[in-house]
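Here are my notes on the model you sent over. Keep the structure open while you go through them, as each point picks out a particular spot.

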Amino acid sequence: MSAETPASREVPKENRFKVWRQTRPFWAGLFTLLGGLPIAYLPYGDMRLGNVTLAMKTTAGAGALIIGVLLITLGLTMWFQPIVRVFAGVATIVLGLVSIPVSNFGGLVIGFLFALVGGGMSIAWAPAPPVAEAVDTEDGGAPEASAETSAEAGAVLTAGLPEQRGPEHHATDKTIDANGGRNSAG
């Protein structure tokens with residue numbers, strides 16, 4: 001199941017969110033979103049304690065807003081395009097580190113920590129291997145594989161691999177393979 005195919009066709013209504021959540025780095029995206037919110041908000045927000053107003057405004061407010069919005073965007077990217085999870089995780093960690101000097105110590109360290117945890121979880125997440133459906137047989141044993149299905153399975157496994165060179169390939173002086181792969185600058 002990819003991000004383009006909705007889960008509603010194969011999955012009952014009560015399990016749709018669970019299936020959607022399990023096919024992408026959901027918690028990594030959530031932590032990244034939660035990390036972007038304090039980083040973007042704190043330079044612009046005011047906190048009132050009775051009659052005292054505490055303003056966290058800094059001169060780098062625009063930079064903090066950009067970092068916060070980028071973190072929110074990366075969190076949504078982790079949810080809706082899980083194929084780029086490693087890039088999004090690395091970018092999240094870098095932006096979290098940059099937020100320390102730019103945005104009030106990374107959103108009072110809260111946003112910084114959420115961004116680091118979310119980025120690390122995104123890098124570490126891997127999709128689950130596909131589950132092979134069990135085929136029921138009449139005798140209750142394992143189904144026997146025919147020669148035709150074995151050939152089809154072998155063709156499927158090698159379909160995405162590049163073709164290997166045979167022993168008939170010889171290196172010439174004009175190829176990069178000449179001299180054992182080493183080239184001299186002259």
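**Notes on the model**

1. Let's start with W79, which is buried at a relative accessible area of 13%. Here buried means under 20% relative accessible area, exposed means over 50%, and partly exposed is in between, with a 1.4 Å probe and protein chains only. F80 counts as partly exposed, at 43% relative accessibility.

2. A word on what we are looking at. This is a predicted model, in which local features need pLDDT of at least 70, side-chain atom pairs count only at pLDDT 80 or more, and totals for chains, interfaces and linings use all residues. Residues are numbered from 1 along each chain as its sequence is written, and side-chain values use heavy atoms, with hydrogens and water left out.

3. Back to the rings. A search of the whole structure turns up nine aromatic pairs. W79 and F80 form an edge-to-face pair, because their ring centres are 6.5 Å apart and their planes sit at 85°. For the cut-offs: rings of Phe, Tyr and Trp (its six-membered ring) pair if their centres lie within 6.5 Å, and planes under 30 degrees apart count as stacked, over 60 as edge-to-face and the rest as tilted. W79 and F80 also belong to a cluster linked by ring pairs, together with F17, W20, F26 and W27.

4. Now the overall layout. The chain has seven helices and two strands, running α-α-β-β-α-α-α-α-α from the N terminus on. Helices (H or I, at least four residues) and strands (E, at least two) are DSSP runs, numbered from the N terminus. Of the 186 residues, 25% count as buried. Among contacts with a separation of 6 or more, 64% are between residues 24 or more positions apart; contact means heavy atoms within 4.5 Å.

5. How do helix 2 and helix 3 pack? Helix 2 (residues 26-41) and helix 3 (residues 61-80) have their axes 8 Å apart, at an angle of about 165°. That makes the two helices roughly antiparallel. Axes are lines fitted to C-alpha atoms, for helices over the stretch in contact, and angles run from 0 to 180 degrees between N-to-C directions. Angles under 35 degrees count as roughly parallel, over 145 as roughly antiparallel, 65 to 115 as roughly perpendicular and the rest as oblique.

6. Staying with that pair, helix 2 passes helix 3 in a left-handed crossing. A crossing is left-handed if the near helix is turned anticlockwise from the far one by less than a right angle, and right-handed if clockwise. Contact residues include F26, G29, L33 and G36 of helix 2, and L65, G68, L71 and W79 of helix 3. By class, the contact of helix 2 with helix 3 has 16 nonpolar, six polar and no charged residues. Ala, Val, Leu, Ile, Met, Phe, Trp, Tyr, Cys and Pro count as nonpolar, Asp, Glu, Lys and Arg as charged, and the others, Gly among them, as polar.

7. Next, helix 4 (residues 85-102) and helix 6 (residues 110-124). Their axes come within 7 Å and cross at roughly 160°, so helix 4 and helix 6 are roughly antiparallel to each other. Helix 4 passes helix 6 in a left-handed crossing. Among the residues that meet are R85, G89, I93 and G96 in helix 4, and F112, L116, G119 and S122 in helix 6. The contact of helix 4 with helix 6 divides into nine nonpolar, seven polar and one charged residues.

8. Is S122 buried or exposed? S122, in helix 6, is buried, at 0% relative accessibility. Leaving aside neighbours within four places in sequence, S122 is in contact with A28, M78, R85 and G89.

9. Take a look at G61 in helix 3, which is buried at 6% relative accessibility. G61 touches P43 and Y44, not counting residues up to four places away in sequence. The C-alpha atoms of G61 and V102 are separated by 7.9 Å, although the two are 41 residues apart along the chain.

10. One backbone point to check: V109 has a phi near 70°, a positive value in a residue other than glycine. V109 is in the loop between helix 5 (104-108) and helix 6, and is partly exposed at 38% relative accessible area.
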